[in-house]
Structures are given as C-alpha cells and as structure tokens.
Amino acid sequence: MAATTHDVHDGHGEHHHGPAKGLGRWLFTTNHKDIGTLYLLFSLLMFLIGGSMALIIRAELFQPGLQLVDPHFFNQMTTMHALIMVFGAVMPAFVGLANWMLPMMIGAPDMALPRMNNWSFWILPFAFTMLLSTLFMPGGGPASGWTLYPPLVLQTGDAFPFVILAIHLMGISSIMGAINVIATIFNMRAPGMTLMRMPLFVWTWLITAFLLIAVMPVFAGAVTMLLTDKYFATSFFNPAGGGDPVLFQHIFWFFGHPEVYIMILPAFGVVSQIIPTFARKPLFGYHSMVYATAAIAFLSFIVWGHHMFTVGMPLTAELFFMYATMLIAVPTGVKVFNWVATMWRGAMTFETPMLFSIAFVILFTIGGFSGLMLAIAPADFQYHDTYFVVAHFHYVLVPGAVFSIMAAVYYWLPKWTGHMYNERLSRIHFWLSVIGVNILFFPQHFLGLAGMPRRVPDYALQFTEWNMVSSIGAFIYGISQLLFVYIVIQTIRAGDKATDQVWEGARGLEWTVPSPAPYHTFDTPPKISATNAHG
Amino acid sequence: MTHSDKTRANRRLVPKLFLFSIAMFGFGYLLVPLYDVICDITGFNGRTTSLAVATEGNANGVDTSRTVTVEFVSSLNSGAPWEFRPTVTRMQVHPGEFYEISYVATNLTDQDMVGQAVPSVAPSLAAVHFQKIECFCFDRQDFAPGESKDMPVMFRVDPRLADHVSVVTLSYTFFKLDPSS
C-alpha cells in the first residue's frame, strides 16, 4: 500500500515547493508538520518553565518553615505552575501531535484550515509571554490557584486583566485548534477511511475536540464575569450585589471537569497506538474503546459537583455527583482491560515508547483509584484540599498525560526526523522518570491522608520526612527531563537512519510514507480497504 | 472527495462549529439565572427568599406543640468598617408564629457609609421554610459618620419545616457598598 510519497504529483502546482527558508518559514507556515513541530517545541519550553516553578515549590517544601521564597510568591508559583502546565504544556503538546499525525493517519494532505492553524499556534507565544510577564507587575502574578476562585482572585494586583486576557487568548487558540481537528477528521479522510476504521488516536482527538469547543467558551465566560465584577461593577460573584461566589465554582468546574478529560483522552489514543505496535497484536476491543471514550466524554459533563462536595450541597446532589463520578470508572476500566488484553500473549518488546506506555497504564490506574476514593462524598470531606488531591491529579497528569506525550515523541520521533533516537539513553530517561515520579508523588498520598493541606508554603513538623522524600523525587524527575531534551536534540541532528515502517509491528498510514516524512504527504489520497484499516 | 468538495464541506461545517462555540459562551452566562432559579427553589446554598411572604390559612397556623431554636450570627465582609451584631444570639420559637429581633450596626468611620446585609440560612433544607416579613437586608442601609442603627428583622419559621430540624441558624454578612452604585 505504498500509495503516496513526495514524488506523487496531483497537478496542484502550489503544493510542490519545499519549506521556505529562514525564520519566515516558521512565522508564515501553513504546513501541518511545521505547525506541529512549533506546537511541540513550544510545549517543551513551557514544560521546562512550569517544571522549574514546581522545583521552586518543592525546594521550599523540603523543610518546614519559610526559607527560600515568601508565601505570596509561593502562591504565585503554584498558580502559574498549574496554568502553564495545563494550558501551555499538556494541551499544546497534544495539539502538536494532532497536527503532525492526524493528517498522515487519515491520509489527508494537510489540516482542513491551514491558515487558521498558523494563527491558532502563533496566538500562544503572545498569551504566555503576557501571562509570564505578570510575575513582574506590581502586586505580582495571580496567586489564587489555577481555579481562580473569587473573591480571592479579585485581590490580584495590576496583573489581573492581563491574566484574564491571556486566558482568553489560550481559549481562542484551543477552540480554533479544535474546530480545525473536527473539520479535518470529518472532511479530509482518504477514500475508504470510514469513521470506524480510523486509528484510535484520531478518534480520541475527535471527541476531545468536541469537549474543547463545548467547555472552553464556558471558561471564557466565567473569567469575563470575573473581569466585569472587578472593573465594571457587576455582581456575578459578589454577594453584596446579589451574586454568589459559589456560582463561580459551578461554572468553573462545568468547564474544569471536561478539561481534565481533554488532557487525558488524547493520551488514551496515544497509548492505544503504541501498545498494539509493540505487542504485535491488533488493539483488543477497538469498538469498545471508541464507545468507552465517548461515554467518558459524556459523563464528564455531569460530574463537576464532585469538586465542590464541601460547599454545602443538598445530600441528593452529593449522592448524584458521587454515583455519576463512580460510573466513569466503568468505561475507564474497559479501556485499561483492553490495553492489558492487547498485551496478553503478545510478542512484546520493550522499546522506550512501550515502556512509557506500560508505565502509563499502571500509574494512570493508580491515579484513577485515588480518584474513586475522592469521589466518595463522605470521605471527600477528609481529603478535600489536602495533598491527597495533589497526589491524585498529579498521578493522572504526570505519569498519565505527560508520560503518554513522552511515549508519543519517542514513538514518532524517527518518523519526524528520519533518525532513530539513542535507545540506551532513552531507557535511562525512562527509568529516572518513572522512579523519580513515584518518589515525588507517592508520599503525597500519605501526607494528604495525614492531613497536610495543599497550597501552603509551610507545614507542621510531622510532615517533614515525606516532604523531603517528595522533594528529592521532584529533583530527580525534573533534572532527568534535561536528558530528554538532549536526546531529542541529538536525534534531530544525527542518528541511525530510520526505516519507513520504523517499528516492526507498526501499522497505519503514517508508516507508509518515508522517514523523515516528506514536507507534503498524501497529495493523492491513499485507498483504504478493510484489510489495511487501523493498525 | 475532490479538492472543491472538501472546501465546500468545510464551508458548511466550520461556521456551525464556531456558532456552537459562541452559543456555549452564552450558555456560561445562562448558568447565572439558572443557578438563581435552582437556589430559590431548593434553598440550595442557604438562599432565603428575599421577598415578604403572606400567611395562608390554617395550614400555616401556629404549632405551639413544637419548639425550634433559632440562632443569630453576624459577620463582616473583609474590611467593612462597622461593628455589627445581633441583639439576641438565640431564641426558642414556635413554628408559624411571628417574631422580631434586631441587629445593631455602628459605623466606625468619620465618613458616610452605605452597607448591605446578605442573609443566609443553615441548614439549607430549612432555608425555604424561613420566612422574613420585614428585614433590613431588603434595603441598602445608609450611615452618617459614627452613626449606630438598630435594624429590625421580622420572621417566622414555617410549620412545614422538616421534623428532624431543631436548630436553624440565620446569618448576616455585612458588606460595604460603593456609595455611587
């Protein structure tokens, strides 16, 4: 099925040139591969900046007492770390992967809306420059936590409107990116690539994109209300004027819960590509994977109340949110069992992408279980706002979402660069990461159960030992990511020549084009039949 | 699909997706009145009815066989320059009967001040059954420099209050308003 390569011409003269030279190539590019690269590099930069902030937090928490930073700056670090990791690192990384891989996976020449694609990327550097610049403004950056609860967030100094505007820009970028993904998947598939033949990464991204256009505008509305409350005398969240701060929490979490699935569904897709490749078996239960993803996406809209069990809800509401939340474990369990069943009796090899994927399955499941514990409304009153919550969401986001991104980069890097990465170094990176991340986050479960509150720069003496352990893990994990940067740069510059298929068990359209993937692929759409459908 | 088919399909689909996003922005704002309505119906979040209520017939008559404790709480929103407290902190009431108590607020500054009290009732199940006939929280309160005011609230507890509720807490938070607003 070597249907297309760079030398297949379809008569559209404008498509035949290679990339432009110099900086202009990156500023004005409408090529999905260039834009994917930009997104991924931007995300890597944000990952390092947000990670440095996390290290400041862990350094301060290494010992009780205040030693390195003052509490207000500490609060700015927790807030900025979260905003940057969520909107700057994880989400753009998945959009970058989508840009690079979706068109190649469905046999399309490019994204459906290439010019808008350029715009949705180039908004981001401005948004994050603005967000980061707030740290240098009078009164400092936002220090209310990424949840931006009023009335606390309204005490932000001059930075406040800049933060809100930066969030608006990130939202616009995500919405445009999502619309582009939906249009690409609906309108650009190669003949024969029916919806149920699409690779699972494409499916999970389609569903994620719908979540994005449904909830990012709601978040934009919520922060706009904050802005008008502060500067235009509205009273959405001000009780003196008839508003209610709890209303913000409802609106925020109506966005916030689907948002956490926005960060994990594409990860499910990545892992569903990688595990079959290295188990050398087709994905077990493809259809159930698609339906489970859709079920998770639907349920994500009706569980937001579990973030607010302690605001004083009626018992019936607590029960509803508790049961609805627990219901999510069913489709998620379907996925985990499918991954395990895919590996069952497979001819497995353990290259780095597979190692990260297996770690993902195990560690994400731990994060899922602690999520189930938090879903139990009466127990949540004990766990609420403790380090147990911190441990929970970091387990699903770091060895969950971030590990899947690492896996995806190692998996597709040979296709992007034409070079194999250094397998030995990458395994060192994997082991340092997986050991570091567990030393970092596992003790936080104990701290939370023992009652240590989150978002504090100081703590009671009995929490000292586990905090020290956690901080040591943080520095192991953090510094080992520099090795990742080194491996990526090394692979871009040199390395063994990668074959077209790269991995012995790899199936799917992206492995039929040469490595490195030529600037234009699938100018003539390939033909897909039942025999060569999803790997 | 040919190239132009794809362009046409995009032109049909993309505006719909943008419209959907804009509609969801509106939906965020729609949650505001929706939340108000739900709070009014359920007493969710301790929301009391802010309108005076009329008594209706015998079903709401005084139930002298039952006694409910009502507690009064006051708090100031951060930085509000008043002294603010209830004249009584707790009393025994019979459901259905009207009672009047008052809160005292003193302006601690040498400037004119405008304040607004916001009520809340706990437990929230009791909120819909706590009725205020007259309340200083219905209006803004103006204070001359240093002025002290005795502000009445007239209320009753509805006999339909669930049997297991024996204590109801009425809390007021006093907010400073911008005089121009």
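Axes are lines fitted to C-alpha atoms, for helices over the stretch in contact, and angles run from 0 to 180 degrees between N-to-C directions. Helices (H or I, at least four residues) and strands (E, at least two) are DSSP runs, numbered from the N terminus. The model is predicted: local features need pLDDT of at least 70, side-chain atom pairs count only at pLDDT 80 or more, and totals for chains, interfaces and linings use all residues. Residues are numbered from 1 along each chain as its sequence is written, while chains are lettered from A and ligands numbered from 1 in the order in which they are written.

Two packed helices are described by the angle between their axes and the distance between the axes. In chain A, the axes of helix 12 (residues 352-375) and helix 15 (residues 423-449) come within 10 Å. They cross at roughly 10°. Helix 12 and helix 15 of chain A are therefore roughly parallel (angles under 35 degrees). Helix 12 of chain A contributes A:T352, A:L355, A:F356, A:A359 and A:S370 to the contact. From helix 15 of chain A come A:E423, A:S426, A:R427, A:F430, A:V434 and A:H445. Two residues are in contact if their C-beta atoms, placed from the backbone, lie within 7 Å. By class, the residues of this contact divide into 5 nonpolar, 4 polar and 2 charged. Here Ala, Val, Leu, Ile, Met, Phe, Trp, Tyr, Cys and Pro count as nonpolar, Asp, Glu, Lys and Arg as charged, and the others, Gly among them, as polar.

A:G96 is found in helix 3 (residues 71-106) of chain A. A:G96 is buried, because 25 other C-beta atoms lie within 10 Å. The cut-offs are 20 or more such atoms for buried, 12 or fewer for exposed, and in between for partly exposed, with C-beta atoms placed from the backbone. Leaving aside neighbours within four places in sequence, A:G96 is in contact with A:G36, A:Y39, A:L40 and A:S43. The C-alpha atoms of A:G96 and A:T37 are separated by 6.5 Å, although the two residues are 59 residues apart along the chain.

The largest nonpolar core has 176 residues. Such a core is a set of buried Ala, Val, Leu, Ile, Met, Phe, Trp, Tyr and Cys residues joined through C-beta atoms within 7 Å. A:V90, A:I106, A:V202, A:A222 and A:A407 touch the most other members. Apart from this core lies another, of 26 residues, among them B:Y103, B:A117, B:V118 and B:F175.

Chain B has 2 helices and 9 strands. From the N terminus on, its elements run α-β-β-β-β-β-α-β-β-β-β. Of the 181 residues of chain B, 27% count as buried.

Between the chains, 28 residues of chain A are in contact with 30 residues of chain B. Helix 5 (160-187), helix 6 (200-231) and helix 7 (245-262) of chain A each supply at least two residues of the side that touches chain B. Helix 6 of chain A gives the most, with 7 residues. This side of chain A has 23 nonpolar, 4 polar and 1 charged residues.

Most residues other than glycine have a negative phi, and most peptide bonds are trans. The peptide bond from A:P150 to A:P151 is cis, with omega near 5°. A:P151 lies in the loop between helix 4 (114-133) and helix 5 of chain A. A:R280 is not a glycine, yet has a positive phi of about 55°. A:R280 is partly exposed, with 15 other C-beta atoms within 10 Å.

Methods. Parallel < 35°, antiparallel > 145°, perpendicular 65-115°, else oblique.
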